Amino acid sequence: MNINIGEILLKLWNDSGFATIFSGFIGDNGWQYVVMLVISFVLLYLAIVKKFEPLLLVGIAFGCLLTNLPKAGLYHQELWTAFMNHEIGYGTILLEGGLLDIFYIGVKTSLYPCLIFMGVGAMTDFGPLISNPKSMLLGAAAQMGVFAAFFGAVCMGFTGEEAASIGIIGGADGPTAIYLTSKLAPHLLGGIAVAAYSYMALIPLIQPPFMRLLTTPKQRQIKMVQTRQVSKTEKVIFPILVTVFVSLLLPDTAPLIGCLMLGNLFKETGVTDRLSDTVQNALMNIVTILLSTAVGATMVGANFLNVQTLSIIVLGVCAFILSTVGGLLGGQIMCWATKGKVNPLIGSAGVSAVPMAARVANMEGQKANPSNFLLMHAMGPNVAGVIGSAIAAGFLLSVFGG
């Protein structure tokens, strides 16, 4: 038996990902792999060293790394393109797809975002919102950026489905952004997910300048009286009523709202502590791993390295800023209507990033007055923002979802 070492080495080289990359610099798209690998390294740096949403960004970055390893066969964009064209079904993807294709099924079916919402519900106390229902108005005002960015995206040439997916970044709610984008514009999922979670991590940097710009020092010093104590009965009834009302109003948002409120019901009943603990910890951690890695897998060079992605990043930050501004303007109106009893800073917490936005509002209030404690007051608009972003997503899905 003759063994040609040269042929073996040549075949080994030709079958390797290195050959794909190096040949690409000459006449193909191999350079895209290199650029995307560099981007994955940058995202890993931001997650690990700078601690930008590390629980999600590490998975997204590593998913991006895996999907851009030539010939690894972990994710097949062509299969999902055929799936979107109704040429194949999930069975074909299970048989012919790679590991990340199987992970992505949970994103495409909206399973992961809904389970994340269940965990968020189990970790959320709706007491501040129940004790001060007016907080819901601030959560609604903070959705201004969603619709402003939507119209901005339409003016820039995006389709209605794409514009809706970009606009929802303004809600500062990563699972909601993934849920809506996976249904309306899955080809934009990588860019939108990275933008959404990056801006959520940058809340302490983005929000304070606008909080100081749109409020006076005197307003920031306003102390708010303690809200009333909410009974256990109210906390148990609240998630049931919200699920029924919102789901009847906007059926498309029933999966998100239903899972959010089910998780909260586990927390508040007092008889499902084991379930609440599982949802908050084990289930939440497992789903976070699958969701983040699957989302990162969609960041293939052909989809990510284009003008659209840059536009998404710009529109995303505009959406987030305008949502902050909308909440602050709502806070100003409420401050005026109550003759100075409401600190307008709590309006900035109307975005859905719980509890980070509420903490930032509290910190700004304490800078103006060290004895000022706004955290629980800001939690009302903050949890209202979670509901508000889900409602906004349901509305956009009902309009553009067909």
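A salt bridge is a side-chain nitrogen of Lys or Arg within 4 Å of a carboxyl oxygen of Asp or Glu. This is a predicted model, in which local features need pLDDT of at least 70 and side-chain atom pairs count only at pLDDT 80 or more, while totals for chains, interfaces and linings use all residues. Residues are numbered from 1 along each chain as its sequence is written, and side-chain values use heavy atoms, with hydrogens and water left out.

Me: How many salt bridges does a search of the whole structure find?
Reply: Side chains of opposite charge can pair when their charged atoms come close. When the whole structure is searched for such salt bridges, the number found is 5.

Me: How many residues apart in sequence are the parts that lysine 235 and aspartate 125 tie together?
Reply: Lysine 235 and aspartate 125 form a salt bridge, with their closest N and O atoms 3.3 Å apart. Lysine 235 lies in helix α17 (residues 232–249) and aspartate 125 in the loop between α8 (111–122) and α9 (127–131), so the parts tied together are separated in sequence by 110 residues. Helices here are DSSP runs (H or I, at least four residues), numbered from the N terminus.

Me: Is glutamate 364 buried or exposed?
Reply: Glutamate 364 meets arginine 212 in a salt bridge (3.1 Å, N to O). Buried means under 20% relative accessible area, exposed over 50%, and partly exposed in between (1.4 Å probe, protein chains only). Because its relative accessibility is 4%, glutamate 364 counts as buried.

Me: Which residue is linked with Arg212 and Glu364 in a network of salt bridges?
Reply: Arginine 212, at 38% relative accessibility, counts as partly exposed. The network of salt bridges links Arg212 and Glu364 with Lys367.

Key: Helices (H or I, at least four residues) and strands (E, at least two) are DSSP runs, numbered from the N terminus.
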